[in-house]
There are 2 protein chains.
Amino acid sequence: VVGIIARIVSGEALREVMRRIFEALGVPREFAEATADALVFANLRCVDSHGVSRGLNYVEGIKLGEINPRPSIRVSRETDISVLLDGDGGLGPPIACELAVRVTEKASRVGVAVGAAKNLRDVGALGYYVSKVVSSGYIGVAVANAKARVSIPGVASPIVGTNPVAVGIPSRRRTILLDMALSVVPYGRILSYASRGEEIPEGWALNKLGRPTRSPKEAAEGYLLPIGGYKGLALAMMVDLLAGPVIGGPTSLEIRGSGPYTQGGLMILAIDPAIFRDPEEIEKDIERYAETIKSLPRDPAAEIVIPGEKASRCFEERSSKGIPLDDVTFSRLVKVAEELGVDVSELWAASST
Amino acid sequence: VVGIIARIVSGEALREVMRRIFEALGVPREFAEATADALVFANLRCVDSHGVSRGLNYVEGIKLGEINPRPSIRVSRETDISVLLDGDGGLGPPIACELAVRVTEKASRVGVAVGAAKNLRDVGALGYYVSKVVSSGYIGVAVANAKARVSIPGVASPIVGTNPVAVGIPSRRRTILLDMALSVVPYGRILSYASRGEEIPEGWALNKLGRPTRSPKEAAEGYLLPIGGYKGLALAMMVDLLAGPVIGGPTSLEIRGSGPYTQGGLMILAIDPAIFRDPEEIEKDIERYAETIKSLPRDPAAEIVIPGEKASRCFEERSSKGIPLDDVTFSRLVKVAEELGVDVSELWAASST
């Protein structure tokens with residue numbers, strides 16, 4: 001959370017208000033629910049950059065006619081083990097949810113399935129859709145391409161998006177879920193430094209000429225650096241090809257639109273772990289793995305985190321104590337709701353700081 | 001290539017000599033061929049760390065009884081879309097080849113397939129097996145776990161292996177193949193710096209207490225750093241879980257054996273791109289992508305490389321001009337061959353430097 005915490009609100013209240021906002025904009029109830037759930041999922045896991053603040057961007061996009069609130073999701077191509085959806089320029093979360101559901105359902109019959117969606121807007125946190133696959137008992141992998149914002153030194157142009165990768169493995173004892181962008185830091189981090197007037201560390205970004213910079217202002221007009229230099233760039237290119245040309249969607253460089261809700265394509269894979277091994281046995285070994293990793297010798301200050309562990313801890317805490325919303329997001333939320341005549345009494349009923 | 005170039009030999013000669021060496025050690029002809037081909041594939045693509053020098057390590061492993069030269073590859077579990085192989089402690093390349101062939105064959109019938117292999121020794125370059133999937137017209141993805149050698153600051157133990165990831169997309173016009181380890185640099189790079197007595201750059205490695213070091217000697221006894229810090233570590237953990245617990249194999253920390261030919265498990269996925277789109281259309285868009293990327297504004301010194309491009313250029317060059325072997329590898333090769341009574345006249349017939 002950036003800025004001053006204005007209110008602490010419950011996940012339920014936030015989900016309810018966001019759903020009503022989207023419904024007031026003409027989004028069908030089921031789609032509004034999926035969108036609200038995806039956004040609050042991110043807030044509950046401390047990924048506030050992908051939470052309701054992003055949902056408020058979707059509101060702008062719908063108002064500007066750049067996001068279709070009532071898309072006709074169409075099946076472009078389908079087999080027993082695959083599906084390709086055309087999202088009709090729609091709000092991302094319901095389309096990505098539909099994709100996750102269809103891929104999971106196919107994997108449940110065949111053992112493995114892969115699906116993709118194109119022609120949709122921002123889906124938010126990719127991990128949300130993988131967590132849907134995982135909660136049904138399947139290994140989930142997802143990749144997506146985003147508008148180009150990542151480059152390497154010496155190149156005076158963005159090359160690829162932050163093109164996230166998410167991977168999850170079912171385990172009832174703990175959440176094993178990785179959801180990461182392929183840039184060293186997210187673009188939002190640069191903006192936070194800019195708002196505080198602080199220099200950014202070396203290795204985060206380039207200016208628009210492709211030169212390393214520590215100025216957050218220059219970086220905001222420039223490009224993010226990929227993890228591992230050429231390695232992260234190469235991985236982001238492969239994601240770009242899978243989520244773009246392979247499914248007939250745009251590459252990161254081809255994604256059009258300027259609002260903070262653009263999206264390329266999305267691919268989701270689901271694998272039934274039972275094709276390899278009794279899931280109960282896998283879970284036992286995952287638990288042993290986590291325990292081994294956590295008990296390795298280390299400095300008291302150092303921590304080894306299992307993918308998904310921090311977000312799960314946050315989820316536990318925010319599920320019981322509520323989600324802190326910063327003043328900018330909170331007042332934006334209330335303003336949007338009031339404009340649309342949406343009841344926000346649940347938000348005020350929640351505890352303030 | 002490290003050290004002085006002793007000879008330049010043709011890929012054919014090298015493949016032939018390596019095959020004879022493995023046959024002389026009791027490896028069945030088909031397995032010896034697969035192994036020689038995997039090793040020379042790496043040399044031809046300038047990945048000399050995974051070429052014949054590594055094959056000479058396999059020779060040691062077979063002599064020491066730590067690699068089974070004649071494994072009975074067993075199918076542990078199989079469905080229409082999946083297969084799990086038990087490699088019987090065998091030489092890695094033939095087992096991984098068998099896996100790639102079976103997964104490709106299943107994908108050709110169903111559209112997607114996933115397979116894994118456990119209980120095998122070092123497979124060499126993971127990209128070799130993905131390239132087999134890709135050359136049959138399928139998208140290939142592979143992950144493997146390796147003995148733990150990667151850690152993060154403050155941890156006085158390795159946590160994960162360099163756990164490589166390989167991804168390839170079919171395109172007759174150019175090779176699109178990523179094959180990368182999740183450490184910033186390979187362990188061999190540290191050893192090269194040590195042999196030259198040069199300091200290593202910051203951000204490559206830790207000493208055995210988990211502190212950043214620029215001494216290659218300390219680094220060689222310590223740990224490699226993952227790409228993107230916690231991000232690369234998290235990705236390497238997911239690979240570790242997929243190639244370990246999910247298939248019933250060891251995690252990076254559990255891999256036993258000390259020779260330079262240990263291996264955890266291996267997972268390969270094959271996807272028929274036609275489930276999404278006409279492959280001809282995909283190829284056209286990939287070509288356009290590559291052209292766009294290559295024409296972005298940049299400094300003359302900067303180069304944007306498509307995954308697989310450098311290795312393909314090397315392949316063209318070494319296929320026509322031959323493979324340069326350093327003096328250490330060349331004399332080791334000749335010595336091993338002579339000990340086994342293997343004819344190496346092809347190597348001498350090749351051009352020297």
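Between chain A and chain B there are 20 residue pairs in polar contact, both residues at pLDDT 80 or more; a polar contact is a pair of N or O atoms within 3.5 Å, where within protein one must be able to donate a hydrogen and the other to accept it, and residues adjacent in sequence count only if both atoms are side-chain atoms. This is a predicted model, in which local features need pLDDT of at least 70, side-chain atom pairs count only at pLDDT 80 or more, and totals for chains, interfaces and linings use all residues. Residues are numbered from 1 along each chain as its sequence is written, and side-chain values use heavy atoms, with hydrogens and water left out.

**The interface of chain A and chain B**

- Each chain brings residues to the contact (heavy atoms within 4.5 Å): 76 from chain A and 76 from chain B.
- About 6200 Å² is buried between the two chains, and carbon and sulfur atoms give 75% of it; buried area is the accessible area (1.4 Å probe) that two parts lose on being put together, summed over both.
- Lys231(A), Phe276(A) and Tyr289(A) supply 13% of the area that chain A buries against chain B, more than any other three residues.
- The rule finds 4 salt bridges across this interface, a salt bridge being a side-chain nitrogen of Lys or Arg within 4 Å of a carboxyl oxygen of Asp or Glu.
- Arg211(B) and Asp299(A) form a salt bridge, with their closest N and O atoms 2.9 Å apart.

**Salt bridges within a chain**

- Over all chains, the structure holds 66 salt bridges.
- Arg15(A) pairs with Asp37(A) in a salt bridge whose closest N and O atoms are 2.9 Å apart.
- Glu287(A), in helix α9 of chain A, lies 113 residues apart from Arg174(A), in the loop between β6 and β7 of chain A, and the closest N and O atoms of their salt bridge are 3.1 Å apart.
- Glu287(A) is buried at 14% relative accessible area, whereas Arg174(A) is partly exposed at 23%; buried means under 20%, exposed over 50%, and partly exposed in between (1.4 Å probe, protein chains only).
- Asp122(B) forms a salt bridge with Arg54(B), the closest N and O atoms being 3.0 Å apart, and both residues are buried.

Methods:
Chains are lettered from A and ligands numbered from 1 in the order in which they are written. Helices (H or I, at least four residues) and strands (E, at least two) are DSSP runs, numbered from the N terminus.
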